[in-house]
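Please find below some notes on this model, arranged as numbered points.

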Amino acid sequence: MWISYSESGEILGMVMLAPHSKGGHLDNLAVYESARGLGIGIALVQQLLKDTAEMGPSTVTLTTRIPEFFSKIGFKIAGCLDDGSKLMFIIL
């Protein structure tokens, strides 16, 4: 789990990866509403990807209803699920 803190120590956001043998699945990304728009979510995902890549060639997957956000980071759409969410991946 990666966590972003304010200068005063308050949690601003977090991201979690469920690891597997070939990388992992991004399970959760959350940023407090008051901290949105500050680049915290992107920074958290980029740090997750950097740390995961350091372990060797990897693939990170996720499902989302906001594919535009993850496309900016380099994720590609692999398919659509019945609930309208998108399956996405990035190869590191």
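1. Which residue forms a salt bridge with Asp83, and how far apart are the closest N and O atoms? The partner is Arg65, with the closest N and O atoms 3.5 Å apart. A salt bridge here is a side-chain nitrogen of Lys or Arg within 4 Å of a carboxyl oxygen of Asp or Glu.

2. This is a predicted model, in which local features need pLDDT of at least 70 and side-chain atom pairs count only at pLDDT 80 or more, while totals for chains, interfaces and linings use all residues. Residues are numbered from 1 along each chain as its sequence is written, and side-chain values use heavy atoms, leaving out hydrogens and water.

3. Asp83 sits in the loop between β5 (76-80) and β6, and Arg65 in the loop between β4 and α2, so their pairing ties together parts that are 18 residues apart in sequence. Helices (H or I, at least four residues) and strands (E, at least two) are DSSP runs, numbered from the N terminus. Asp83 is partly exposed at 46% relative accessibility, and Arg65 is exposed at 56%. The classes are buried (under 20% relative accessible area), exposed (over 50%) and partly exposed (in between), with a 1.4 Å probe and protein chains only.

4. A search of the whole structure gives two salt bridges. Another pair is Lys50 with Glu54, whose closest N and O atoms are 3.2 Å apart. Lys50 is partly exposed, with a relative accessible area of 48%, and Glu54 is exposed, at 57%.

5. The largest nonpolar core has 20 residues; Leu26, Val45, Leu48, Leu49, Val60, Phe70 and Phe75 touch the most other members. Such a core is a set of buried Ala, Val, Leu, Ile, Met, Phe, Trp, Tyr and Cys residues joined through side-chain atoms within 4.5 Å. At least two residues of this core come from each of β2 (11-20), β3 (23-31), α1 (40-53), β4 (59-64), α2 (67-71) and β6 (86-91). The largest share, five residues, is supplied by α1.

6. Val45 has contacts (heavy atoms within 4.5 Å) that can be listed. Not counting residues up to four places away in sequence, Val45 touches Val15, Leu26, Leu29, Phe70, Ile73 and Phe75.

7. Lys86 belongs to strand β6 and is partly exposed, with a relative accessible area of 22%. Residues touched by Lys86, not counting those up to four places away in sequence, are Leu62, Thr63, Thr64, Pro67, Ile77, Gly79 and Cys80. Lys86 and Leu62 are 24 residues apart in sequence and 8.1 Å apart in space, C-alpha to C-alpha.
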